[in-house]
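Below is a brief report on a two-chain model.

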Amino acid sequence: MRAWPAEGATRVPYWVYQDPEVYEREQQRIWRGRTWSYLCLEAELPEPQSFITTYVGDMPVVVSRDPGGVLRAFENRCAHRGALICMQPRGKAERFACIYHNWTYDHAGNLTNVAFRRGIGGKGGLPPEADPESQAPRKFRVETIGGLVFGSLSEEVPSLEQYIGPVILPRLKRVLTKPLKVLGAYTQVLPSNWKLYMDNTKDSYHASLLHLFFTRFRINRLTQAGGVFVSGDGAHHCAYTGLVEDKGDAYEKDGMRSAGVENKFSLEKPEILRQVDEFGDAVSIQIVSLFPGFVLHQIRNSLAARQVVPRGPDRTDLHWTLFGFADDDAAMTERRLLQSNLVGPAGYISMEDGVATDFVRRGVAAAPDRASVIEMGGSGVATSESRITETAVRGLWQAWRSHMDI
Amino acid sequence: MRSVVEDLHARYAHALDDDRLEDWPELFTETGKYRVATAENEARGLPLPVLSCDSRAMMRDRVQSLRHANVYEPQRYRHMLSSVLISKLDGERVSSVANFLVIRIMQNGDTSVFASGKYLDRILLAPEPKYEERVVVCDSRRFDTLLAIPL
């Protein structure tokens, strides 16, 4: 493996986004290693025998609720020839049967039947000593937090709550206060390495500079109250922005009356920005990221889980699942749907992240041995009251290097 | 009636493809609705739009944001429409279903199929034909990089 630049935490060499060997090592040491990965919302598995299929890194995964109601997850790979056991994105099933040779599995991923195992009429079939279970799909540990389902293949990683740690856990629980309701989902296909999206997410410095919609309409300016939390190991982060003192529509009116060039930028329909302070703490935006590939956002009243699935060194699927709470009234659901215009591939404040990460991929194409300069706020990894810092980005790389032993 | 509806669809496609985004809201009634959905969310009965506008004013907001706030690489669309079906709703309105294909052309010439699906429309015919509602149901749940220009 290549050597890290001598400057340490303030430099990230560009080969980390390009090298196929790095990508393979990540699959093994991060996605299949000592981490917890987001799988789905519990609300997507409403009753016994419900299932969904997803990915953890390159690995196809079935997540199900067994007949007793227990959440299970296992590799979507038949023990026999390796075909997918389950093709559907979601549904309900009494058992899972591989279409290739009809080997069947229960909801925990146990091989329960091999077609014609003993042959027919004493002829054919598996010999008595055959052990197809030796190639059984791998099973995940499954844990949940506030309606989010996570899985890990590692026996050594601590419990999910310990993994997230005491700094970030309360920030996550702050949003996940009640049973969730799925509003819908879509996928933004990013033509770049998965880590470019994660360090974009952890980069509180970029938000008001890249996303001009934020700045034009005063949703998030670096002058507003806010800060960044980073977990002790650097792996997870939370950035938040305070809700501006907003008497009625004073905030929007102020935005419209601002001097100079901003006079041009007023919304005819400012309702899109109108937030109900549903958590009672005057936070307007909170972005939480968990290593390796999960993001939970609260942007005003828009709530979503974002799942990062690498598809090769140069491609990433970003799966968005927007949700509300099961007890939302019609007005709140309507508000969340209206504010969904802020996020996702067509979102006023999310669309650019796909572009920025793609520009990095293209910019560094011939510079694997050069490095990005990540020195805003110094060289440390720590919670910060300023968002003009790259502390959470350094945290990501600290955690990544530790997992990768690079 | 068919020619009136197909003419409206054609003017819609040309406005977007010719980068006359400011003309786009004018093809709707003042309270016209526009929503981009995915076939998957529709089939699951889930209400989430990829983007939505509940009025012409909100469409103008989106155009203004695309022109002055959002940052994206210059790109053009080419809309292809086919298989238009029209039904009369009442004396003043018709509904229309049409297939669409949107090809995206980046500034370096990279050309790809960006979206396919169908337009489900409710059209007010007089005094001049305008969309009261256009729902764009995309066949795929996947969107490459970003969706800036309306479909």
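What is the mean pLDDT of chain A, and what percentage of its residues reach 70 or more? The mean is 92, and 93% of the residues of chain A reach 70 or more. This is a predicted model.

**Confidence**

Chain B has a mean pLDDT of 97. There, 100% of the residues reach 70 or more. For the complex, the predictor gives an ipTM of 0.97 and a pTM of 0.95.

One stretch of chain A needs care. Over residues 246–262 of chain A, pLDDT stays under 50. The model has 25 contacts beyond four places in sequence for this stretch. Where pLDDT is low, predicted coordinates should not be read in detail.

**The interface**

How much area do chain B and chain A bury between them? The value is about 3,500 Å², with 52% of it on carbon and sulfur atoms. Chain B brings 35 residues to the contact, and chain A brings 41 residues.

Polar links cross this interface. Between chain B and chain A, 22 residue pairs are in polar contact, both residues being at pLDDT 80 or more. On chain B, the elements that give two or more residues to the side touching chain A are helix H2 (39–43), strand E2 (51–53), helix H3 (56–68) and strand E7 (142–144). H3(B) gives the most, with nine residues. By type, the residues on this side of chain B divide into 16 nonpolar, nine polar and 10 charged.

Charged pairs are also found. The interface of chain B and chain A has five salt bridges. One of the salt bridges joins the side chains of B:Arg60 and A:Glu268, at 2.8 Å from N to O.

**Strand pairing**

Strand E12 (residues 180–190) of chain A pairs with E7(B) in the parallel sense, over three bridges. Within this pairing, A:Thr187 has B:Arg142 of E7(B) as its bridge partner.

Chain A also holds an open sheet of three strands, in the order E7-E8-E9, with antiparallel pairing. Why is one side of E7 and of E9 in chain A left without a neighbour in the sheet? Strand E7 (96–97) and strand E9 (111–113) of chain A stand at the edges and each has a single partner strand, so one side of each has no neighbour in the sheet. E7(A) runs antiparallel to strand E8 (residues 104–105) of chain A, and two bridges join them. Here A:Ala97 has A:Thr104 of E8(A) as its bridge partner.

Most residues other than glycine have a negative phi, and most peptide bonds are trans.

A:Ala282, a residue other than glycine, has phi near 55°. A:Ala282 is in the loop between helix H6 (250–257) and E15 of chain A. Helix H6 (250–257) of chain A is named at one end of that loop, and pLDDT stays under 50 over residues 246–262 of chain A.

Technical notes. Residues numbered from 1 in each chain as written. Chains lettered and ligands numbered in written order. Heavy atoms only, no water. Contact = heavy atoms within 4.5 Å. Buried area = accessible area lost by both parts, 1.4 Å probe. Salt bridge = Lys/Arg side-chain N within 4 Å of Asp/Glu carboxyl O. Polar contact = N/O pair within 3.5 Å; in protein donor to acceptor, adjacent residues only side chain to side chain. Helix = DSSP H or I, 4+ residues; strand = E, 2+ residues; numbered from the N terminus. Nonpolar A, V, L, I, M, F, W, Y, C, P; charged D, E, K, R; others polar. Pairing = 2+ DSSP bridges. pLDDT = per-residue confidence, 0-100.
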